[in-house]
Amino acid sequence: MIPTVLPTYNRAPLSFVKGEGAWMIEADGRRFIDLGAGIAVNSLGHAHPALVKALTDQANMLWHTSNLYGIPNQQALADRLVEHSFADTVFFTNSGTEACELAVKMARKFFYDKGQPERTDIITFSGSFHGRSSAGIAAAGSEKMTKGFGPLLPGFIHLEFGDHEALAKAAAEPTVGAILIEPVQGEGGIRPLPDQCLKGLRDLCDEHGLLLILDEVQCGVGRTGKLFAHEWAGVTPDIMMVAKGIGGGFPLGAVLATEEAASGMTAGTHGSTYGGNPLGCAVGCAVMDIIATPEFLAEVNRKSGLMRQKLEGLIAAHPNVFEEVRGAGLMLGLKCKALNSDVVAAGYAQEILTVPAADNVIRLLPPLTITDDEISQAISRLDAAAASLT
Ligand SMILES: Cc1ncc(COP(=O)(O)O)c(C=O)c1O
């Protein structure tokens, strides 16, 4: 008999009932150190007092009004995002997938309104992940995600990550309007796009009049040690998708865009019942007030250095289990020699949570507020997990 919850997930035999900072407490009382953060969502850890206050204060005032009316928290969060980014304007969604939907619509409408309606194609890359909607799976294009779900949304050109020749050729096609890419692939196995490649993509877009769309759903909001990952390369996109960390655990996403790129999105062209609702935006403002500060981001970078150094030691101690560490900030991946799912499961036995990804990688995405002592404890538990596999 089918379970009452549709069985689309391979769940671990764990159920958590409480969270405190970088810790999650299982129903049986065990305390797990959380290097998954709900897949890069709990950017400020669990039950951060500022987020709890922002949410409960708003919950006592007003939960929902729809976008038929002005929403002061939405305006406040949009102002903060614009102040701290390349963007001139923001649309709020409930998830990264919805942000992907709008990014695709926005790019197509841009060219339609410019009198170039044939420029509907969007270049995407192998190993990418942009969500599970029809546009999201068509954008990523992998067989694993698309098989059985056709006919797929047309208009995506899938290239191999790193194939510069194919990229230059595709970018020159008259039907191409945009390039969509994650500055650091998350689900694809923590594969950072080198800074010079992101610069090269910007140049290519400028050369051919294309829009550069960055998917910072997983790598944005302080995760890499900059507020947004593309800042490391010193270039800006035209459109950017954000979600996960911006809500700190409350479902919230956003599309940020320049005035020019967003010029087609006039009244009535897009909408969302819940997107940018008062609760989510109250939390989003509190997240931004903490993360979008030089002091906070400097700490993310310092802790990243500490964690990488300890992970190098871990790899040296377990060369049969681990191969390399990669990533940026506190978005780190350990490429495994053992099966990554075995490493994750061995971690459960040591009360540590990590997240598997493609390319036989385990993702380490702790709350950005993790302490030095918690990093040390996490490494000890990973050490014990690795030892249990050899
Ligand atoms: C890079 C990227 N884009 C889009 C998504 C989809 O976001 P959501 O699951 O919030 O719909 C994800 C989720 O993992 C992601 O990592």
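Predicted model: local features only at pLDDT ≥ 70, side-chain atom pairs only at ≥ 80, totals over all residues.

**Entry 1**

I started with E216, which sits in the loop between β10 (211–215) and β11 (239–242). Residues are numbered from 1 along each chain as its sequence is written.

Is E216 buried or exposed? E216 counts as buried because it has 29 C-beta neighbours inside 10 Å. The cut-offs I used: buried if 20 or more other C-beta atoms lie within 10 Å of a residue's own, exposed if 12 or fewer, and partly exposed in between, with C-beta atoms placed from the backbone.

Leaving out residues up to four places away in sequence, E216 touches P183, F228, A229, M240, M241 and V242. "In contact" here has a cut-off too: the two C-beta atoms, placed from the backbone, lie within 7 Å.

**Entry 1: the binding-site records**

I looked up E216 in UniProt, and an unreviewed entry has the feature "binding site" at G96, T97, F129, D215, E216, V217, Q218 and T273. These positions are spread over 178 residues of sequence, and also in space, with up to 25.0 Å between C-alpha atoms.

F129 counts as buried, because 23 C-beta neighbours lie inside 10 Å. Not counting residues up to four places away in sequence, F129 touches A140, G186, E187 and G188.

UniProt also lists R132 and S272 under "binding site", again from an unreviewed entry. I found R132 in the loop between β5 (121–125) and α5 (134–140). R132 is partly exposed, because 16 other C-beta atoms are within 10 Å. Its contacts, leaving aside neighbours within four places in sequence, are T97 and I137.

S272 sits in the loop between β12 (253–257) and α9 (278–291). S272 is partly exposed as well, with 17 other C-beta atoms within 10 Å. S272 touches N67, T93, N94 and E98, once residues up to four places away in sequence are left out.

**Entry 2: around the ligand**

Which of the 15 residues around the ligand come nearest? I got S95, G96, T97, G131 and V217. A residue counts as near a molecule or strand if its C-beta atom, placed from the backbone, lies within 6 Å of it. Helix α4 (residues 96–113) gives the most to this shell, with three residues. By class, the shell has five nonpolar, seven polar and three charged residues. For those classes, Ala, Val, Leu, Ile, Met, Phe, Trp, Tyr, Cys and Pro are nonpolar, Asp, Glu, Lys and Arg are charged, and the others, Gly among them, are polar.

**Entry 3: two domains**

The domain assignment gives domain 1 (16–34 + 294–387) and domain 2 (50–291); such bounds come from an automatic or database assignment. Their C-alpha centres lie 27 Å apart. I counted contacts next: 19 residues of domain 1 are in contact with 19 residues of domain 2. On the side of domain 1 that touches domain 2, α10 gives the most, with five residues. That side has eleven nonpolar, five polar and three charged residues.

**Entry 4: a sheet**

I traced an open sheet of four strands in the order β1-β2-β3-β15, with mixed pairing. β1 (16–20) and β15 (352–353) stand at the edges with a single partner strand each, so one side of each has no neighbour in the sheet. Strands pair if DSSP finds at least two bridges between them. Two bridges join β3 (residues 31–34) to β15, and the two run parallel.

Most residues other than glycine have a negative phi, and most peptide bonds are trans. I found a cis peptide bond between G150 and P151, with omega about -5°. A40, in helix α1 (residues 37–40), has a positive phi near 65°. I190 has a positive phi too, near 50°, and counts as buried with 27 C-beta neighbours inside 10 Å.

Terms used. UniProt positions renumbered as here; feature names shortened; annotations may be inferred.
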